[in-house]
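Please read them alongside the sequence and the coordinates.

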Amino acid sequence: MAKSYVHETRRHKVAPKKQRIGPIVELLAVEHADAKIALRFANPLELLVSVMLSEQTTDVNVNRVTEKLFRKYRRPEDYLAVPVEELERDIYQTGFFRQKAKSLRGTMKLIVEEFDGQVPERFEDLLRLPGVARKTANVVSAERGEAQGIVVDTHVRRVSQRLALTKQEDPVKIERDLVRLVPKPDWARFPHLLIWHGRRICDARRPRCEDCPLAAGLCPSSRL
Ligand code: SF4
């Protein structure tokens, strides 16, 4: 079970979350004006593959692998044209390579057979692809400008718990809380803002509250 940060919200009294969410998004957007997805991709297929490979590893690691991978595998058929062992070798450095190779091949097969070789646009269709769970489908949809939900990763979970935007522990329930709270036009950028805030300022072990624009009045977990 991942560590919970819900108890940290007892430090300060703050306004209800509905009143705080607007200023939180605005201040984070100023603080992290450059916040965007860290994965490198040039088209929907590369986006999908990058997100699938990013499970349980860092974006930097994925980018290192895909730089070569995308030169070799350009179409869904290319992933099916090589022996599975070769694909496993090509993605080995992202970890869990056997499972990931299996998911990639299953996904490419379905894309070729049912979606005319194109990454499907509908959220429900994305979820049908083998190895594509809600988080992956959310990232892909958001990057294509059609966010269907809010991506919840470890940073989004921690920062939204510390900000008392949710008391939930489970990512699906956290997402449910966030989509009720965050205005739809912000669904795509909101997770990036929290991810970058989590990486740069709201560190898991030592949050730098002294450098945080939310510390004064917007965060009940502030250590100031
Ligand atoms: S860094 Fe900011 S968001 Fe994180 S606990 Fe401190 S004040 Fe709250």
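Helices (H or I, at least four residues) and strands (E, at least two) are taken as DSSP runs and numbered from the N terminus. This is a predicted model, in which local features need pLDDT of at least 70 and side-chain atom pairs count only at pLDDT 80 or more, while totals for chains, interfaces and linings use all residues. Residues are numbered from 1 along each chain as its sequence is written, and side-chain values use heavy atoms, with hydrogens and water left out.

1. Val51 has its place in helix α2, and it is buried, with a relative accessible area of 5%; here buried means under 20% relative accessible area, exposed over 50%, and partly exposed in between, with a 1.4 Å probe and protein chains only. Not counting residues up to four places away in sequence, Val51 touches Leu39, Thr136, Val139 and Val140, where contact means heavy atoms within 4.5 Å. The C-alpha atoms of Val51 and Ala215, which are 164 residues apart along the chain, are separated by 32 Å.

2. Helix α8. Of the 10 residues of α8 (residues 134–143), seven are buried, so this helix is largely enclosed by the rest of the structure. The buried residues of α8 are Thr136, Ala137, Asn138, Val139, Val140, Ser141 and Ala142, and what covers them includes α2, α7 and α10. Among these residues, Thr136, Val139 and Val140 are also contacts of Val51. Following α8 comes Gly145, which has a positive phi, near 80°.

3. Helix α5. In α5 (residues 84–91), the residues Leu87, Glu88 and Ile91 are buried. Viewed down the axis of α5, its buried residues fall within an arc of 105°, so they line one face of the helix; the arc is that of the directions from the helix axis to the C-beta atoms. The cover over the buried residues of α5 includes α2 (44–53), α3 (59–72), α4 (76–81) and α6 (97–114).

4. The loop between α6 and α7. Pro120 lies in the loop between α6 and α7 (123–128) and, at 4% relative accessibility, counts as buried. Leaving out residues up to four places away in sequence, Pro120 touches Ile111, Phe115, Asp125, Leu126, Leu129 and Arg144. Pro120 and Arg89 are 31 residues apart along the chain, and their C-alpha atoms are separated by 27 Å. Asp116 also lies in the loop between α6 and α7, but this residue is exposed, with a relative accessible area of 70%.

5. Most residues other than glycine have a negative phi. Asp116, although it is not a glycine, has a positive phi of about 60°. Ala164, likewise a residue other than glycine, has a positive phi near 60°; Ala164 lies in the loop between α9 (154–162) and α10 (171–181) and is partly exposed, with a relative accessible area of 26%.

6. Which residues does Lys17 contact, once its neighbours within four places in sequence are left aside? They are Ala164, Leu165 and Leu181. Lys17 lies in helix α1 (residues 17–31) and counts as partly exposed, at 31% relative accessibility. The C-alpha atoms of Lys17 and Leu163 are separated by 8.4 Å, and the two residues are 146 residues apart along the chain. Arg10 has its place in the segment before α1 and is exposed, with a relative accessible area of 70%; Arg10 and Val65, 55 residues apart in sequence, are 43 Å apart in space, C-alpha to C-alpha.

7. The ligand. The residues around the ligand are Arg162, His197, Ile201, Cys202, Pro207, Cys209, Cys212, Ala215, Cys219 and Ser222, a residue being near a molecule or strand if one of its heavy atoms lies within 4 Å of it. This shell divides into seven nonpolar, two polar and one charged, with Ala, Val, Leu, Ile, Met, Phe, Trp, Tyr, Cys and Pro counted as nonpolar, Asp, Glu, Lys and Arg as charged, and the others, Gly among them, as polar. The ligand sits in the largest cavity. On a 1 Å grid over the protein atoms alone, a cavity is a set of points where a 1.4 Å probe fits but cannot get out, and a molecule sits in a cavity or pocket if more than half of its atoms lie within 2 Å of its grid points.

How values were computed
On a 1 Å grid over the protein atoms alone, a cavity is a set of points where a 1.4 Å probe fits but cannot get out, and a pocket is an open set with protein on both sides within 12 Å along at least five of seven lines; lining residues have an atom within 4 Å of a point.
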